[in-house]
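Visitor: Could we go through this structure together? I would like to begin with the overall fold and then turn to details.

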Amino acid sequence: MANLLDLMGEADRERMLDAYKKRTEKGKDTKVPPETYLICEFATYFGWDGLQAIRNNDITLEEVYVLLEGMRK
């Protein structure tokens with residue numbers, strides 16, 4: 001089974017790993033913003049394509065909320 005890093009393109013993978021390293025440096029605030037949980041939940045239900053739709057602004061925030069509400073029922 002492939003993991004998320006295997007599914008990402010090389011540029012996306014490097015950008016994500018760099019952001020992770022910067023965020024976890026000693027002394028930095030590591031609190032996760034609430035939007036991250038929302039995006040993670042959406043990606044759990046709709047997979048990599050759903051995450052890409054959010055990243056590329058192919059889906060509005062209102063649509064995200066409606067779809068998540070439907071999936072939670």
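Visitor: What kind of model is it, and what is its secondary structure?

Guide: This is a predicted model. The secondary structure of the protein chain consists of four helices and zero strands, and the order of elements from the N terminus is α-α-α-α.

Visitor: What box do the C-alpha atoms fill?

Guide: Taken along the principal axes, the box filled by the C-alpha atoms of the protein chain is roughly 40 × 30 × 25 Å. The protein chain has 73 residues, of which 15% count as buried.

Visitor: And how much of the contacts comes from residues 24 or more positions apart?

Guide: Among contacts in the protein chain with a separation of 6 or more, such residues account for 42%.

Visitor: Let us turn to helix 3 and helix 4. At what angle do they pack?

Guide: Helix 3 covers residues 34–55 and helix 4 covers residues 61–72; they pack at an angle of about 125 degrees, and their axes are 10 Å apart. Helix 3 and helix 4 are therefore oblique to each other.

Visitor: Is the crossing of helix 3 and helix 4 left-handed or right-handed?

Guide: The crossing of these two helices is right-handed.

Visitor: Which residues meet there?

Guide: From helix 3, the residues are Leu38, Glu41, Phe42, Tyr45, Phe46 and Ile54; they meet Leu61, Val64, Tyr65, Leu67, Leu68, Met71 and Arg72 of helix 4. By class, this contact comprises 11 nonpolar, no polar and two charged residues.

Visitor: Which residues form the largest nonpolar core?

Guide: That core has seven residues, namely Leu38, Phe42, Ala53, Ile54, Ile59, Val64 and Leu68. Helix 3 and helix 4 each supply at least two residues of this core, and helix 3 gives the most, with four residues.

Visitor: What is Val64 in contact with, leaving aside its neighbours within four places in sequence?

Guide: With those neighbours set aside, Val64 contacts Leu38, Phe42, Ile54 and Ile59.

Visitor: A change of topic: where does Asn57 lie?

Guide: Asn57 is in the loop between helix 3 and helix 4. Although Asn57 is not a glycine, it has a positive phi of about 55 degrees. Most residues other than glycine have a negative phi.

Visitor: Is Asn57 buried or exposed?

Guide: Asn57 counts as exposed, because its relative accessibility is 67% and the cut-off for exposed is over 50%.

Methods: Residues are numbered from 1 along each chain as its sequence is written. This is a predicted model: local features need pLDDT of at least 70, side-chain atom pairs count only at pLDDT 80 or more; totals for chains, interfaces and linings use all residues. Side-chain values use heavy atoms; hydrogens and water are left out. Axes are lines fitted to C-alpha atoms, for helices over the stretch in contact, and angles run from 0 to 180 degrees between N-to-C directions. Angles under 35 degrees count as roughly parallel, over 145 as roughly antiparallel, 65 to 115 as roughly perpendicular and the rest as oblique. A crossing is left-handed if the near helix is turned anticlockwise from the far one by less than a right angle, and right-handed if clockwise. Contact means heavy atoms within 4.5 Å. Ala, Val, Leu, Ile, Met, Phe, Trp, Tyr, Cys and Pro count as nonpolar, Asp, Glu, Lys and Arg as charged, and the others, Gly among them, as polar. A nonpolar core is a set of buried Ala, Val, Leu, Ile, Met, Phe, Trp, Tyr and Cys residues joined through side-chain atoms within 4.5 Å. Buried means under 20% relative accessible area, exposed over 50%, partly exposed in between (1.4 Å probe, protein chains only).
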